[in-house]
Amino acid sequence: MSEVYITSAGIFLPNKPISNEEMEDYLGRINGNDSRARIRILKQNGIKQRYYALNKNQETTHFNSQLAINAVQSALEKSNLRTKDIELLCTGTTQGDLPIPGFASMVHAGLDFERCEIASFQSVCASGMMALKDAFAQIKSDEKQNAVCVGSELSSRLFKASRIEAQNVSSLPFDAEFLRWMLSDGAGAFVLQNKKSEQGISLKIDWIDIKSHANEYPVCMFTGKTDNQNELERTWLDYPSYEEASKAGAINLKQDTRLLDQVVKTGVAHYFELIDKGKINRDEVDWLCCHYSSEVFKAPIKELMEKGGGAIPDDKWFTNLTSKGNTGAASIFIILEELMYAGKLKHGDKVLCMVPESGRFITSFMQLTVEGIDKKSHKAYPVREIEAPGLVIEKNETSEWLIRQLAQIWIDFETALLKVPIVSRIHKGQLSLEDYKLLLMDLRQQVIDGSQWISRAASNIDIDLFELRSAFIKHTATEHKDYQMLERNFEALGEPLSDIYSGEKNIGTVALTSFMFQQASKPNPIDLLGAMFIIEGIGKRLAGYWGEMIKDQLQLKDKQVSFFTYHGVADDNHFHNLEEALNHPKMNLEIAKRIAKTAKTTAKLYTMQLEELGNY
């Protein structure tokens with residue numbers, strides 16, 4: 001059995017925050033009239049602002065799946081996992097964009113994931129906890145090593161005035177009007193792993209406990225029928241047409257507010273059951289993240305807890321209902337994401353999460369333990385202005401054409417590199433020691449091949465191009481030094497050399513070196529000067545800068561990063577050798593075109609090599 005950790009979190013709240021005064025500008029005024037209930041309901045729920053995936057024309061700006069996709073991407077940006085590593089995607093929502101297929105399928109389709117297992121949970125607020133429970137159980141049982149969970153809601157489009165006006169009613173009944181001023185849009189996501197993060201704090205999931213009370217109570221929050229009294233009442237699918245169902249109000253989202261007190265009671269009763277079972281020790285709780293839909297419910301929850309001897313002090317409660325709104329299944333993700341990165345948590349803290357659901361009454365609890373140290377203070381590093389390494393070669397029509405081509409190829413290359421996960425983490429100060437070790441492991445396989453393809457290229461250059469052969473041979477010598485230096489860095493990190501000796505080429509390295517050997521085996525492979533421009537350019541322009549950032553954020557010594565920092569100085573000399581080769585008198589436009597194409601190909605394959613770290 002493995003431990004399960006939330007290692008990163010992300011949220012996505014669409015568009016700008018909407019104040020209470022602006023709500024009807026977005027949802028629309030029914031028959032042009034201001035709502036009579038809005039002010040009273042907002043005063044009770046305490047929400048000051050929320051977010052809508054609607055514009056003022058009541059047009060949808062983001063699909064629910066897009067909210068979820070953005071939240072997942074936000075969480076993964078803070079993670080050491082690549083999108084291609086994800087083994088399981090679990091989603092929770094009240095209603096997806098489509099009745100069929102499942103919401104997880106639609107979210108998966110919008111993500112850069114490989115094939116993976118998915119699970120769609122449809123309920124109301126508790127569906128996010130259901131998604132978490134599935135991921136937790138699979139990692140705990142060693143079925144999976146990691147998962148992404150996302151809770152997402154897009155309720156605003158259910159409340160558009162045009163939908164209600166089409167029913168030929170002058171106003172909404174209170175059971176539908178109530179929710180119009182309660183719910184909002186947003187998504188939150190967690191990355192779950194069987195090991196804690198090295199980049200900051202992790203939230204170890206101690207347990208998750210979910211209970212349905214549907215056998216005890218009638219439906220409370222619902223859509224698809226007109227009331228909650230008759231269990232056998234026809235549903236929206238049983239009407240002669242969708243239009244008739246809509247006109248009857250069967251597609252309106254409603255809530256029987258008379259039952260809401262029971263939600264509070266069942267939730268607190270579940271809390272005391274967990275205390276009796278020894279799962280909760282209220283004296284050990286440092287933070288209570290309670291998802292309640294309205295500030296008016298906080299007082300009765302506290303009162304019942306206190307009466308039973310399980311009160312948790314006010315200063316331990318954490319919520320962002322007033323600023324982020326009630327986002328249903330996404331709420332606990334959005335609450336925890338803010339707490340996780342607020343600098344409030346310390347190692348060993350216990351976080352208790354409480355998520356009740358009023359659909360047909362589900363209560364759910366989760367306990368987390370904070371592990372690690374908050375590294376929020378880690379600085380990000382500036383992205384320098386992108387520019388090509390300067391080439392000093394004799395000016396003529398051919399050389400000027402080649403310099404223009406190589407400069408644009410480099411700019412495209414460096415721009416693409418900034419989007420590669422490992423490079424992005426270096427710049428954001430989020431690189432882990434394991435990331436760095438993996439980078440050295442995979443680069444070594446390419447660097448050691450480098451000296452061999454350059455030697456082969458030199459052997460295939462005719463004697464009348466002696467100066468070019470000499471340039472390739474000089475490059476071979478520097479490549480030998482490079483991989484030896486890289487191995488010493490790996491050893492200085494406390495890793496056995498046997499590990500790096502037995503390392504595999506990732507699929508990007510296979511593609512890169514296969515191309516290099518193919519070109520090097522051709523007669524007079526002068527086009528490989530384009531490959532040397534890219535590889536030596538990395539040393540001259542990027543390696544030293546990366547090395548200093550890596551050294552700073554991981555607090556390493558010179559002997560652990562010298563492979564990178566050395567190139568920032570030494571590659572000026574290496575570049576000079578390249579410039580001499582490009583000045584060869586037999587250079588012509590045909591050869592220059594071949595050099596540019598090989599440079600472009602090498603840039604693409606080198607980017608792929610860094611994107612595929614660990615993918616063998």
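Axes are lines fitted to C-alpha atoms, for helices over the stretch in contact, and angles between them run from 0 to 180 degrees between N-to-C directions. In this predicted model, the axes of helix 18 and helix 21 come within 7 Å and cross at roughly 155 degrees. Angles over 145 degrees count as roughly antiparallel, and helix 18 is therefore roughly antiparallel to helix 21.

**Helix 18 and helix 21**

- The crossing of these two helices, helix 18 and helix 21, is left-handed.
- Helix 18 contributes Ile 507, Gly 508, Thr 509, Ala 511, Leu 512, Phe 515, Met 516 and Gln 519 to the contact, while helix 21 contributes Thr 598, Thr 601, Thr 602, Leu 605, Tyr 606, Met 608 and Gln 609.
- By class, the residues of the contact of helix 18 with helix 21 are eight nonpolar, seven polar and no charged.

**Helix 15 and helix 18**

- Helix 15 (residues 433–459) and helix 18 (residues 507–520) have axes that come within 9 Å and cross at roughly 5 degrees.
- This angle makes helix 15 roughly parallel to helix 18.
- On the side of helix 15, the residues in contact are Asp 442, Gln 445, Gln 446, Asp 449, Gln 452, Trp 453, Arg 456 and Ala 457; they meet Thr 509, Leu 512, Thr 513, Met 516, Phe 517 and Ala 520 of helix 18.
- Six nonpolar, five polar and three charged residues make up the contact of helix 15 with helix 18.

- Ten strands form an open sheet with mixed pairing, in the order 5-4-6-7-1-8-14-13-11-12.
- Strand 5 (117–122) and strand 12 (317–318) are the edge strands, each pairing on one side only.
- Strand 1 (residues 5–12) pairs with strand 8 (residues 202–212) in the antiparallel sense, over two bridges.
- Within strand 8, Leu 203 stands opposite Ile 6.
- Lying across strand 1, strand 4 (88–93), strand 6 (146–153) and strand 7 (186–193) is helix 3 (residues 64–77), which runs at about 135 degrees to strand 1.

**Buried and exposed positions**

- Helix 12 (residues 331–340) is largely enclosed by the rest of the structure, because nine of its ten residues are buried.
- The buried residues of helix 12 include Ile 332, Phe 333, Leu 336 and Glu 337.
- Lys 597 lies in helix 21 (residues 589–611) and is exposed, with a relative accessible area of 61%.
- From C-alpha to C-alpha, Lys 597 and Leu 406 are 9.3 Å apart in space, although 191 residues apart in sequence.

Methods. Residues are numbered from 1 along each chain as its sequence is written. This is a predicted model: local features need pLDDT of at least 70, side-chain atom pairs count only at pLDDT 80 or more; totals for chains, interfaces and linings use all residues. Side-chain values use heavy atoms; hydrogens and water are left out. Helices (H or I, at least four residues) and strands (E, at least two) are DSSP runs, numbered from the N terminus. Angles under 35 degrees count as roughly parallel, over 145 as roughly antiparallel, 65 to 115 as roughly perpendicular and the rest as oblique. Contact means heavy atoms within 4.5 Å. Ala, Val, Leu, Ile, Met, Phe, Trp, Tyr, Cys and Pro count as nonpolar, Asp, Glu, Lys and Arg as charged, and the others, Gly among them, as polar. Buried means under 20% relative accessible area, exposed over 50%, partly exposed in between (1.4 Å probe, protein chains only). Two strands pair if DSSP finds at least two bridges between them. A crossing is left-handed if the near helix is turned anticlockwise from the far one by less than a right angle, and right-handed if clockwise.
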